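Subject: Structure handover

Hello,

Here is the structure I said I would pass on. My notes on it follow below the display.

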Amino acid sequence: DKLAEFIVNKEKEFSDLPEKDVEKAFNKFDNSNYVDEEKVKLTRNLLRRIYSSFTSRKLLSIKNISYKEVLLKHKSTRERFEHYKEIYRRIFHGIDEANVFDLGAGVNGFSYPYFIELKLKVNYIGYEAIGQLVSLMNNFFEKNKYNAKAVKGSLFDLDMIKKMIKSERGTKIVFLMKVIDSLESIERDYSKTLIEEMVNFSDLIVVSFATKSLGKRKNFFAQRSWLVNFIKDRFKIVDDFEIAGERYIIFKGN
């Protein structure tokens, strides 16, 4: 659509997002209830709400920043910073070597040193829509010679995700950490579609969501029972735990 294309090209802050994400957001408002100016404004506000909380100009402008500083500065990883080893220990229970596909990674790739501390052999692929974060992670991986890479792509591009997962051999673990709410705000029930597809190509899936608001530490009233019940009804739960205001559900196909 020309208006969606206009948003990508005109708005500098969205120019590095996959066009598919912008189009999906625009489609929510592309109806007779809104005039063109309103469609653009509402799309812009939605994209800002979703992606601005996961970017930091200060973070992107600092060179030679340590992995700990990145994890502490980034909103999506700050709360789990002191608990990474415990979280990964539970996810990798009984697993020493695996391919990790971190969908909607943000800067979670900077937690790679914790895999090393736990003596895990991990081939890490961070799949992220924000191009600046992809570059930030890849610079970190290359500098440290980690068995890892970041790939820019949309979580709404199922074909690309499936191709990426199929291309690797061995145990496959899919991370969907703190991405469910963002997906649902753009397309309702898309999370279910994504999970059902990922189960067919992976050995384990890890879904996490915040149980306390970012930074404010207030409990949410919504516990996402629709998501929990969906997973319980269709798949085999391996572990279910909460650490530092984030709930993790680890599951696999029956």
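Which residues of α9 are exposed on the other side of the helix? They are Asp159, Lys163 and Lys166. Exposed means over 50% relative accessible area, buried under 20%, and partly exposed in between (1.4 Å probe, protein chains only). Helices (H or I, at least four residues) and strands (E, at least two) are DSSP runs, numbered from the N terminus.

Before the rest, a note on the source. The model is predicted, so local features need pLDDT of at least 70 and side-chain atom pairs count only at pLDDT 80 or more, while totals for chains, interfaces and linings use all residues. Residues are numbered from 1 along each chain as its sequence is written, and side-chain values use heavy atoms, with hydrogens and water left out.

Helix α9 covers residues 158-166, and its buried residues are Leu158, Ile161, Lys162, Met164 and Ile165. They lie on the same side of α9 because they cover an arc of only 160 degrees around the axis; the arc is that of the directions from the helix axis to the C-beta atoms. These buried residues pack against β1 (97-103), β2 (121-128), β4 (172-177) and α11 (190-199). In helix α2 (residues 19-27), Asp21, Val22, Ala25 and Phe26 are buried. Their arc is only 130 degrees, which puts them on the same side of α2.

The core

A nonpolar core is a set of buried Ala, Val, Leu, Ile, Met, Phe, Trp, Tyr and Cys residues joined through side-chain atoms within 4.5 Å. The largest one has 81 residues, of which Tyr88, Ile91, Phe92, Leu103 and Ile173 touch the most other members. Helix α8 (residues 131-144) gives this core its largest share, 6 residues. Leaving aside neighbours within four places in sequence, isoleucine 173 has contacts (heavy atoms within 4.5 Å) that include Ile91, Phe92, Phe101 and Leu204.

Rings

There are 19 aromatic pairs in the whole structure. Rings of Phe, Tyr and Trp (its six-membered ring) pair if their centres lie within 6.5 Å; planes under 30 degrees apart count as stacked, over 60 as edge-to-face and the rest as tilted. Tyrosine 84 and tyrosine 114 are stacked, at 5.2 Å centre to centre with 10 degrees between the planes. Tyrosine 84 is in helix α6 (residues 84-91) and tyrosine 114 in helix α7 (residues 112-117), so this pair ties together parts 30 residues apart in sequence. Phenylalanine 230 and phenylalanine 235 are edge-to-face, at 5.8 Å and 80 degrees, and both are buried.

Salt bridges

Counting a side-chain nitrogen of Lys or Arg within 4 Å of a carboxyl oxygen of Asp or Glu as a salt bridge, the total is 12. Glutamate 117 and lysine 85 form one of them (3.1 Å, N to O), linking helix α7 to helix α6 across 32 residues. Lysine 178 and glutamate 246 form another (3.8 Å, N to O). Lysine 178 is in the loop between β4 and α10 (180-186) and glutamate 246 in strand β7 (residues 246-252), so the pair ties together parts 68 residues apart in sequence. Both lysine 178 and glutamate 246 are buried. Asp30, Asp36 and Lys39 are linked in a network of salt bridges.

Regards
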